[in-house]
Amino acid sequence: MFRYTMDKLDKYGHLKVCNKCVDPMFEIGGVLKYFKNEVPILFNNVKNHKISLAGGVYGKREIFYDLMNLNRDNRIYKFMEAIANPMDYEEVSTGPVKENIVSRFIDINKMFPIPTSHEKDSSNFITSGMLIIKDPKTDDIHMAVRRFQVNSRDNISALVSGASPHLNKLIKEYEEANKTLDCAVVLGYDAELLMASQISSSKYGLDKYKVYSALKNEPLKVVKCESVDILVPAYAEIVIEGKLNPNKKITEGPFGELMGYYGEVAKHPTIDIKTITHRSNPIFQHAFPSREEHLANGLIREVEIYTALKNVVDVLDVNVTVGGGCRLHAVVKINKKNEGDGKSAILTSLGSSKDLKHVVIVDSDVDIYDYSDVEFALASRVQASEDVVIIKNALGSPLEASHVNKGSSDKMGIDATKPLNNELFDRGVVPGYDDININDYF
């Protein structure tokens with residue numbers, strides 16, 4: 001799973017290897033931030049630890065394409081196919097994640113190099129942890145990447161606010177019944193598991209392990225945990241098994257989060273760690289807050305916006321941008337057929353998600369991944385009095401600072417499409433330009 005991912009990253013030339021001794025207190029975060037969290041780095045010499053740490057693994061769109069054998073043109077259809085046709089997973093008796101089983105004298109900070117990323121962070125945090133919970137009514141597996149504050153040697157906090165409505169509802173039920181909830185935190189997983197975790201359980205009602213199997217086109221192999229009633233990936237690097245205590249909450253935060261701001265400080269449920277299983281010489285998976293999860297989430301949001309638009313306009317592609325936190329900004333490419341298509345696309349896009357704050361609609365001749373090309377459309381095809389739509393005091397994202405400050409969000413859409421049948425807006429073309437191999441000239 002994760003080791004195959006690391007090999008594939010190396011094969012495609014994405015992976016950097018650091019053998020210099022690095023401190024998990026700030027230094028690892030500094031190196032990852034230097035590369036804008038877009039470069040996978042394997043740190044083989046982490047201060048006071050014998051195991052390696054991998055960071056920035058899923059921080060770039062093209063990495064997902066290479067790891068999942070996708071491209072820009074087919075990735076939306078691939079995700080839609082997996083959602084529409086989930087595949088069964090396979091339970092096996094054991095797997096590499098069971099090579100070491102620790103159930104006594106657990107000290108998570110001694111076992112793993114858990115970094116601290118920002119100066120005001122309240123503690124060190126597990127940032128790539130995949131929280132696994134089983135719905136006791138349906139046995140469906142629900143999973144989400146959450147952050148986990150380290151509180152003591154065998155206790156961590158779980159940030160569950162802002163998680164899926166289904167997960168929050170389940171935790172609320174256990175809180176009201178004053179019961180603990182079996183859970184596991186998985187580290188060392190592949191791109192398909194990360195993508196499957198971003199599918200909305202409340203929207204699609206799916207077992208996410210089955211979505212993974214469909215994305216991979218083969219059954220995910222899972223094993224039973226040692227101390228809780230949860231199935232986990234057999235080829236993961238590390239599994240932290242525990243009991244989530246909805247009524248035992250500890251102050252969590254501050255923590256440097258979305259857009260680089262510190263999140264709100266609040267009390268969140270804790271997890272008592274019962275058992276840790278891991279591969280021999282495990283690789284600890286880390287994400288500089290919180291680029292990788294948000295990028296994967298943005299890729300799924302593109303599917304959702306595309307799906308909402310396809311019955312309204314002739315939508316060609318959607319880019320939920322990294323600069324907008326992979327949730328607040330989108331650029332939509334359409335094949336404009338009617339003068340009202342741009343405005344219809346604005347309204348539909350903004351209505352598809354409360355988190356989306358600004359959207360730009362462009363024509364088919366604009367590269368939505370080239371921001372200078374998008375800016376070209378904004379500069380030459382927009383008249384503000386006619387092409388800017390503003391919706392005041394709407395519901396926004398709880399992770400966006402100005403929304404939290406105000407309590408609501410103004411939404412904006414920009415119609416940067418050109419008028420139909422107007423030669424004034426035709427772009428100059430160099431005949432044969434696309435066929436040029438520049439290496440032939442130098």
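**Ground rules.** I am working with a predicted model, where local features need pLDDT of at least 70, side-chain atom pairs count only at pLDDT 80 or more, and totals for chains, interfaces and linings use all residues. Residues are numbered from 1 along each chain as its sequence is written, and side-chain values use heavy atoms, with hydrogens and water left out.

**Backbone.** I started with N48, which lies in the loop between β2 (41-43) and β3 (52-55). Helices (H or I, at least four residues) and strands (E, at least two) are DSSP runs, numbered from the N terminus. N48 is not a glycine, yet its phi is positive, about 70°. Most residues other than glycine have a negative phi, and most peptide bonds are trans. I checked accessibility too: N48 is exposed, at a relative accessible area of 71%. Buried means under 20% relative accessible area, exposed over 50%, and partly exposed in between (1.4 Å probe, protein chains only).

Next I looked at N281, in the loop between β15 and β16 (283-286). N281 also has a positive phi, near 50°. N281 is exposed, at 65% relative accessibility.

Then I checked a peptide bond. From G253 to P254 it is cis, with omega near 5°. I placed P254 in the loop between β14 (238-252) and β15 (266-278).

**Helix pair.** How do the axes of α4 and α9 cross? I found that α4 (residues 75-84) and α9 (residues 208-216) have axes that come within 8 Å and cross at roughly 135°. Axes are lines fitted to C-alpha atoms, for helices over the stretch in contact, and angles run from 0 to 180 degrees between N-to-C directions. The two helices are therefore oblique to each other. Angles under 35 degrees count as roughly parallel, over 145 as roughly antiparallel, 65 to 115 as roughly perpendicular and the rest as oblique. K78, F79 and A82 of α4 meet V211, A214 and L215 of α9; contact means heavy atoms within 4.5 Å.

**Cores.** A nonpolar core is a set of buried Ala, Val, Leu, Ile, Met, Phe, Trp, Tyr and Cys residues joined through side-chain atoms within 4.5 Å. I noted 75 residues in the largest one, with F64 and Y209 having the most contacts inside it. Helix α10 (residues 291-309) gives this core its largest share, eight residues. Another core lies apart from it, with 38 residues, including V39, L53, L131 and I171.
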